[in-house]
Amino acid sequence: MRQSLARLASAATQNSLRPTPTALLPPIPLYRRLLRAHRKHLPADMRVLGDEYIKAEFRAHRNVDNPAHLIGFLTEWQLYAQQIEGDSWAGDKIEQGKLAKMSDEQIHQLYELMQAIQTRHKGEESG
């Protein structure tokens, strides 16, 4: 009886919309995992844009000393990797709580990313 309850509980967590985080990966293995996930799961045009963004973000956070900031950074990228690997990212929206916590600079970066995606999309339609 106990084993079936454990199986049911694990199945319920596996089917939830948000993936359960696993042990936090160190930066370099996580970086490699992200690039590998892009290579395997994204179309070529999205992969180029995503790879550039990942490289820029990891470079920008290379010298972060604040452990809380580093853990938050790695956690969010790890959750992103799980979404890409599970193909649950398509049509996904940013949670309002995360959006409210973003700085003006982060919102500006997000806006620039949106513009870059729209520009590529328009170029594909006309070309």
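Author: Start with K98. This is a predicted model. K98 has a relative accessible area of 28%, so K98 is partly exposed. The side chain of K98 has a partner. K98 forms a salt bridge with E76, and their closest N and O atoms are 2.8 Å apart. This pair links distant parts of the chain. E76 sits in helix α4, K98 sits in helix α5 (residues 96-101), and 22 residues separate them. E76 has 35% relative accessibility, so E76 also counts as partly exposed.

Why do such pairs form? Side chains of opposite charge can pair when their charged atoms come close.

Now stay with helix α4 and go to E85. E85 forms a salt bridge with R33. Here the closest N and O atoms are 2.7 Å apart. E85 lies in helix α4 and R33 in helix α2 (residues 27-41), so this pair ties together parts that are 52 residues apart in sequence. Are the two partners buried or exposed? E85 is at 32% relative accessibility and therefore counts as partly exposed. R33 is at 16%, under the 20% cut-off, so R33 counts as buried.

Next comes the packing of α4. Which helix does α4 cross, and at what angle? The partner is helix α3 (residues 44-60). Its axis and the axis of α4 (residues 67-85) come within 12 Å. They cross at roughly 165°. An angle over 145 degrees counts as roughly antiparallel, so α3 is roughly antiparallel to α4. The crossing of these two helices is left-handed.

Which residues meet there? From α3 come Y53, I54, E57 and F58. From α4 come F73, W77 and Y80. The residues of this contact divide into 6 nonpolar, no polar and 1 charged.

Helix α3 also holds a charged pair. R47 forms a salt bridge with D51. Their closest N and O atoms are 3.5 Å apart. Both residues lie in α3, 4 residues apart, so about one helical turn separates them. R47 is at 32% relative accessibility and thus counts as partly exposed. D51 has a relative accessible area of 12%, so D51 is buried.

How many salt bridges are there by this rule? The count comes to 3. Helix α4 supplies E76 to the pair with K98 in α5. Helix α4 also supplies E85 to the pair with R33 in α2. The pair of R47 and D51 lies in α3, the helix that α4 crosses.

Technical notes: Residues are numbered from 1 along each chain as its sequence is written. This is a predicted model: local features need pLDDT of at least 70, side-chain atom pairs count only at pLDDT 80 or more; totals for chains, interfaces and linings use all residues. Side-chain values use heavy atoms; hydrogens and water are left out. Axes are lines fitted to C-alpha atoms, for helices over the stretch in contact, and angles run from 0 to 180 degrees between N-to-C directions. Angles under 35 degrees count as roughly parallel, over 145 as roughly antiparallel, 65 to 115 as roughly perpendicular and the rest as oblique. A crossing is left-handed if the near helix is turned anticlockwise from the far one by less than a right angle, and right-handed if clockwise. Contact means heavy atoms within 4.5 Å. Ala, Val, Leu, Ile, Met, Phe, Trp, Tyr, Cys and Pro count as nonpolar, Asp, Glu, Lys and Arg as charged, and the others, Gly among them, as polar. A salt bridge is a side-chain nitrogen of Lys or Arg within 4 Å of a carboxyl oxygen of Asp or Glu. Buried means under 20% relative accessible area, exposed over 50%, partly exposed in between (1.4 Å probe, protein chains only).
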